[in-house]
Amino acid sequence: MKGIVRASAAIVIISAILFYAVHLLESSTATSGSGSISVYNWGEYIDTDLIDQFEEETGIQVIYETFDSNESMMTKIEQGGTSYDVAMPSEYAIEKMKENDLLLPIDHSKIPNLKNIDPYFLDLPFDPGNEYSIPYFWGTVGIAYNPTLLEGQTFESWDDLWNPTLEQEVILVDSAREVIGMGLNSLGYSLNSTDLGELREATDKLKTLGPNVKAIIGDEIVEMMRREEAAVAVTWSGQAADMMWINEDIDYAVPEEGSNLWFDNMIIPSTAGNVDGAHQFINFMLDAEVSAQNADYVGYSSPNAAALELMDPEVTGDERFYPTERMRDRLEVYENLGLEMLGVYNELFLEFKMDMEK
Amino acid sequence: MTNRSSRPWYLAPYYIWIALFVIAPIALVVYFSFLDLAGDFTLENYANFFSSTYFRMTLSSFWYAFLITLISVLIAYPTAYWLTKTKHKQLWLLLIIIPSWINLLLKAYAFIGIFGLYGPANQLIQFFGSGPLQILFTDFSFIFVAVYIFIPFMVLPIFNSLDKINPALIDASRDLGASQWTTFRRVIFPLAINGVKSGVQAVFIPALSLFVITRLIAGNKVITLGTAIEQQFLVTQNWGMGSTIAVFLILFMIIIMLLTGPKEKGGALNGKAK
């Protein structure tokens, strides 16, 4: 009995010490300035030096967390376990969050740097008047490839992926709308199709891509391409830019049948605890120099006109990453198709993964 | 005797724990499995589960879990047996258990490097004169990594039950003229079968719902029920369908527990052998 009492006492004392230590640590990091904000962003989607700079300038502590899909981000915000102050969803997710009252309106008078944004990216159909969202980055979906591993093959069309010489070479991004969308595009259909016949046809066509598919993965794609483990990847433009940063052999193309044009935006979720801090953060990210540094680091295309002027013209003039307005016209923006349709897309994507021809 | 019928007060935390964290979540999962996207009552999720996609997914989950368990047993049993014979049992046991302290994701990423086209595994293959092979994103790499992860959970229970066997029983078997093989078959194996059963439970059940390494190591070319649940909850936000798959997973687990549960007789024998 004595032993048990002693052991329990020891456990209680150790717990108390740990509790006190954690308390000390937390209070020492979050003392200065006007509180803290939680930022919820995609992985590898900000230059973390800028977070330090923001903390120094404003005294606001930034708690930074990442997500890997719009859907998981929305689920987490909806559940409300953590109160995020700023998040960076894509356009169709913003439409859906608006429907579900998950967004707070943004006070434009607190965002003077909004003037830096290219008007092309303002007042878009998914958020008229930018009432709830401010542009962060934009880009396309396309094919990143390494010509040195492919004997000079190029990719003008989605159908080039079906070339029998690419056996076990193609990596696909693990995301239903991108992959099913690519199937739809390759058949000449809209990637917002809700026609079950077209979707079935696209899925059946994708299954025949099976022998060429090496893997269906997420952010690991970048590493695989850099190390020349794979020669071809269907992915987002910014990931392609990340690959090229390390491995200069890699090239990127947007197939001519069309593809996805997307916009990621900064929003303030309705569960935000520090709305004022969130505005300060958004304004900070729109600053020309900050935005240029961020775009340089992240590699996606910046909608910030003032920042583009500060950047290397070789980068901003690269039509693979900054397609002209005429080229953008053949690209499509995702529409919010509703949960039911999203379910259909995912069931088909699952079926594709199950039934890929080996 | 009164203690047994009137449940003592100090068990209260246990009952509260069970109610809150075992019974309530399972009840919620069952409840959600009857809801459609709009939150209305439906049986459609169950009908959907018996559609061809999910049925084949279930079969393939079982097949891979079976392979992983079988290979784990084949490796773990001799290892555990050998362990009981060594001098520094606890040290060796510790060395086998230590890898299970390392985070699963870290191990998965390490294997991406090891199995890569330019990784050590392929360098070895090239040393023996063959060209680089695609090891990553194959059934082989998936099963290899899964077995590697689960081995400690199989070795431990088998080792414990083998180690508990009274050596006098084995001596007696020898004295009575049994060969080594007969001794193993008639004495050691039956006495240690409960260890194998708990090992099978500890491996087969989690193997059914693996999902991290299906993506990182198998490149989503192996789809298990775990992958489907993750997708239904996080991507499709169809909690009803996700819960339905979870309900079936729970049912499968109960069946496996019943099949591999210790029998009264075996337990008593083991107790006496101490």
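What follows is a short exchange about chain B.

User: What kind of model is this, and how many helices and strands does chain B have?

Analyst: It is a predicted model. Chain B has 14 helices and 0 strands. Its C-alpha atoms fill a box of roughly 75 × 70 × 35 Å along the principal axes.

User: What makes Tyr15(B) count as buried or exposed?

Analyst: The count of neighbours decides. Tyr15(B) has 11 other C-beta atoms within 10 Å. The cut-off for exposed is 12 or fewer. Tyr15(B) is therefore exposed. Its place is in helix H2 (residues 12-32) of chain B.

User: Where does Tyr15(B) lie relative to Gly39(B)?

Analyst: The two are 24 residues apart along the chain. Their C-alpha atoms are separated by 31 Å.

User: How many residues of chain B are buried, as a percentage?

Analyst: Buried residues make up 30% of the 274 residues in chain B. Each of them has 20 or more other C-beta atoms within 10 Å of its own.

User: How do you know what span to expect for helix H6 of chain B?

Analyst: The expected span is 1.5 Å times one less than the number of residues. H6(B) covers residues 104-115, which is 12 residues. The expected value is 16 Å, and the helix reaches 16 Å from its first C-alpha to its last. The two values are close.

User: Which residues of H6(B) are buried?

Analyst: They are Phe111(B), Ile112(B) and Phe115(B).

User: Why are the buried residues of H6(B) said to line one face?

Analyst: Look down the axis of H6(B). The buried residues fall within an arc of 110 degrees, so they line one face of the helix. They pack against helices H7 (120-127), H8 (139-164) and H11 (212-216) of chain B.

User: Why are H12(B) and H13(B) called roughly antiparallel?

Analyst: Helix H12 (residues 225-234) and helix H13 (residues 239-260) of chain B pack at an angle of about 155 degrees. Angles over 145 count as roughly antiparallel. H12(B) and H13(B) are therefore roughly antiparallel to each other. Their axes are 7 Å apart. H12(B) passes H13(B) in a left-handed crossing.

User: Which residues meet between H12(B) and H13(B)?

Analyst: From H12(B) come Leu225(B), Ala228(B), Ile229(B), Gln232(B) and Phe233(B). In H13(B) they meet Trp239(B), Met241(B), Gly242(B), Ile245(B), Ala246(B) and Leu249(B).

User: What percentage of contacts in chain B join residues at least 24 apart?

Analyst: Among contacts between residues at least 6 apart in sequence, 72% do.

Terms used. Residues are numbered from 1 along each chain as its sequence is written. Chains are lettered from A and ligands numbered from 1 in the order in which they are written. This is a predicted model: local features need pLDDT of at least 70, side-chain atom pairs count only at pLDDT 80 or more; totals for chains, interfaces and linings use all residues. Helices (H or I, at least four residues) and strands (E, at least two) are DSSP runs, numbered from the N terminus. The arc is that of the directions from the helix axis to the C-beta atoms. Two residues are in contact if their C-beta atoms, placed from the backbone, lie within 7 Å. Axes are lines fitted to C-alpha atoms, for helices over the stretch in contact, and angles run from 0 to 180 degrees between N-to-C directions. Angles under 35 degrees count as roughly parallel, over 145 as roughly antiparallel, 65 to 115 as roughly perpendicular and the rest as oblique. A crossing is left-handed if the near helix is turned anticlockwise from the far one by less than a right angle, and right-handed if clockwise.
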